[in-house]
Amino acid sequence: SSGINAEYGYAEWIQKTEVWGGGIEIAVLAKHFATEIHVVDTQSLRIDKFGQNLFFSDKTYVIYDGIHYDPLYEETASGPVTVFPVEDVGVENAAMLLASQAKKAHNFTDLANFSLKCGSCGTGLKGESDARDHAKKTGHMNFEEFS
């Protein structure tokens, strides 16, 4: 169960500190800001483009490390630039180069295969689904990543 059961339940749910947004929220933000949002996945080196079919003139990039989304920007003399014309392919090449470097340095979290330990009972777990199952069975919510 997602915990969403009423018209306004989602707004309450998404504001919880243990809940993070994802693709749905990015699609909403793209439409709200009338800007394509391109998500560069560090692990897969895939770019997911939100708002691409809405004919916006601008785009922005975020990099996804398996857990967090961080904005990508170009440093200029007048400060960081985060919004680019949609036809600018150079910025996409730069984003992919950065993601490739991050992948080579293993700067991502593999949610399916990372090693966790329950901070309450010490049980070793593999991946997000093991942690979710363990939490449902035991009520334990304190997990630590280890290598």
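Of the 147 residues in this protein, 29% are buried. Keep in mind that what you see above is a predicted model.

First, the overall layout. The protein has four helices and ten strands. Along the sequence, the order is α-α-β-β-β-β-β-β-β-α-β-β-α-β. The C-alpha atoms fill a box of roughly 50 × 45 × 25 Å along the principal axes. Take the contacts with a separation of 6 or more: 44% of them join residues 24 or more positions apart.

Now the inside. Which residues form the largest nonpolar core? There are nine: Val 40, Ile 47, Tyr 61, Ile 63, Leu 72, Phe 84, Val 91, Ala 95 and Ala 99. Two or more of these residues come from β3, residues 58-64, and likewise from α3, residues 89-104. The largest share, three residues, belongs to α3. Another core, of seven residues, lies apart from this one, and Ile 26, Ala 30, Ile 37 and Val 62 are among its members.

Look at Leu 72 for a moment. Beyond four places in sequence, Leu 72 touches Val 40, Tyr 61, Val 62, Ile 63, Val 81, Thr 82, Ala 95 and Leu 98.

Next, Pro 85, which sits in strand β7, residues 84-85. Is Pro 85 buried, partly exposed or exposed? Its relative accessibility is 36%, so Pro 85 counts as partly exposed; the buried class stops under 20% and the exposed class begins over 50%. From Pro 85 to Glu 36 is 49 residues in sequence, and 9.7 Å in space between C-alpha atoms.

Last, the surface. The protein exposes about 9900 Å², and carbon and sulfur atoms supply 54% of that.

Conventions
Residues numbered from 1 in each chain as written. Predicted model: local features only at pLDDT ≥ 70, side-chain atom pairs only at ≥ 80, totals over all residues. Heavy atoms only, no water. Core = buried A, V, L, I, M, F, W, Y, C linked by side-chain atoms within 4.5 Å. Buried < 20%, exposed > 50% of the residue type's maximum accessible area, 1.4 Å probe, protein only. Contact = heavy atoms within 4.5 Å. Areas by Shrake-Rupley, 256 points an atom, 1.4 Å probe, with all protein chains shown as cover.
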